[in-house]
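Welcome! Take a look at it first, and then we can go through it together.

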Amino acid sequence: MENKLPTSDQNFVESLIPQRFPFVMVNSIADYSETQLVSGFEIKEENIFVQDGIFQASGLVEHQAQSVALHTGYKFYLLGKEAPTGYIGAIKTFEATKLPKLGDLLTSEVSIINEMMGVTLVDIVTKINDEVIAKSQMKTVVM
C-alpha cells in the first residue's frame with residue numbers, strides 16, 4: 001500500500017480506527033514508523049467531551065488511546081489488511097497538566113515500548129504547540 005503521510009483526510013483517518021462519529025478523537029497523522037506515530041486532533045464545539053469550552057481529561061485519554069489504534073490501523077493498512085479492533089487493557093499512568101479548549105490542536109506522539117501477542121505497551125505525550133499538556137503509559141489489546 002502507498003504511504004499517504006502526512007494526512008488530515010478525515011475519511012482516510014477514520015478508516016484506520018474502529019470508532020465512528022461522534023466518538024472520533026483523531027483527525028490527522030503527521031508521521032509513522034514501526035515504533036512511533038504522531039497524530040493530531042482539533043478540539044471542536046460539537047465534541048462530546050467538551051464542557052463549557054474545555055476538553056475534559058477523559059477526552060484526552062480517549063484521544064491518546066485512539067492514537068495508539070491509529071498506529072495499529074496504519075500498520076495494517078500498509079500491509080493491505082483490515083485493522084483489528086482493540087481496547088485499552090490498562091492505564092498505568094496518566095497526568096494532565098492543562099486541559100485543552102475549543103480550537104486547540106492536539107499533537108500526540110505514541111512511542112511503542114513493547115508489542116507481544118496482541119498486547120502493546122506505549123508511552124504517549126500530548127502537546128499543544130510545543131507545550132506538553134498530558135502524558136500517559138497504557139497497554140492496549142488487539143482482539
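Which residues form one aromatic cluster? They are Phe12, Tyr32, Tyr74 and Tyr77. Please keep in mind that this is a predicted model.

**Overall layout**
- The chain has two helices and eight strands, and from the N terminus on they run α-β-β-β-β-α-β-β-β-β.
- The C-alpha trace spans about 40 × 30 × 25 Å along its principal axes.

**Contacts and surface**
- Of the contacts between residues at least 6 apart in sequence, 62% join residues at least 24 apart.
- Among the 143 residues, 41% count as buried.

**Aromatic pairs**
- The structure holds seven aromatic pairs.
- One of them is a tilted pair of phenylalanine 23 and phenylalanine 49, with 5.7 Å from centre to centre and 55° between the planes.
- This pair links distant parts of the chain, 26 residues apart: phenylalanine 23 sits in the loop between helix H1 and strand S1, and phenylalanine 49 in the loop between strand S2 and strand S3.
- Phenylalanine 23 is partly exposed, at 32% relative accessible area, whereas phenylalanine 49 is buried, at 15%.

**A nonpolar patch**
- On the surface, Ile88, Ile91 and Phe94 form a nonpolar patch with about 220 Å² of accessible area together.
- Isoleucine 88 belongs to strand S5, residues 86-96, and is partly exposed, with a relative accessible area of 33%.

Definitions and conventions
Residues numbered from 1 in each chain as written. Predicted model: local features only at pLDDT ≥ 70, side-chain atom pairs only at ≥ 80, totals over all residues. Heavy atoms only, no water. Patch = residues over 30% accessible without salt bridge, like charges linked within 9 Å, V, L, I, M, F, W, Y side chains within 5 Å. Areas by Shrake-Rupley, 256 points an atom, 1.4 Å probe, with all protein chains shown as cover. Salt bridge = Lys/Arg side-chain N within 4 Å of Asp/Glu carboxyl O. Helix = DSSP H or I, 4+ residues; strand = E, 2+ residues; numbered from the N terminus. Buried < 20%, exposed > 50% of the residue type's maximum accessible area, 1.4 Å probe, protein only. Phe/Tyr/Trp six-rings, centres within 6.5 Å; stacked < 30°, edge-to-face > 60°. Contact = heavy atoms within 4.5 Å.
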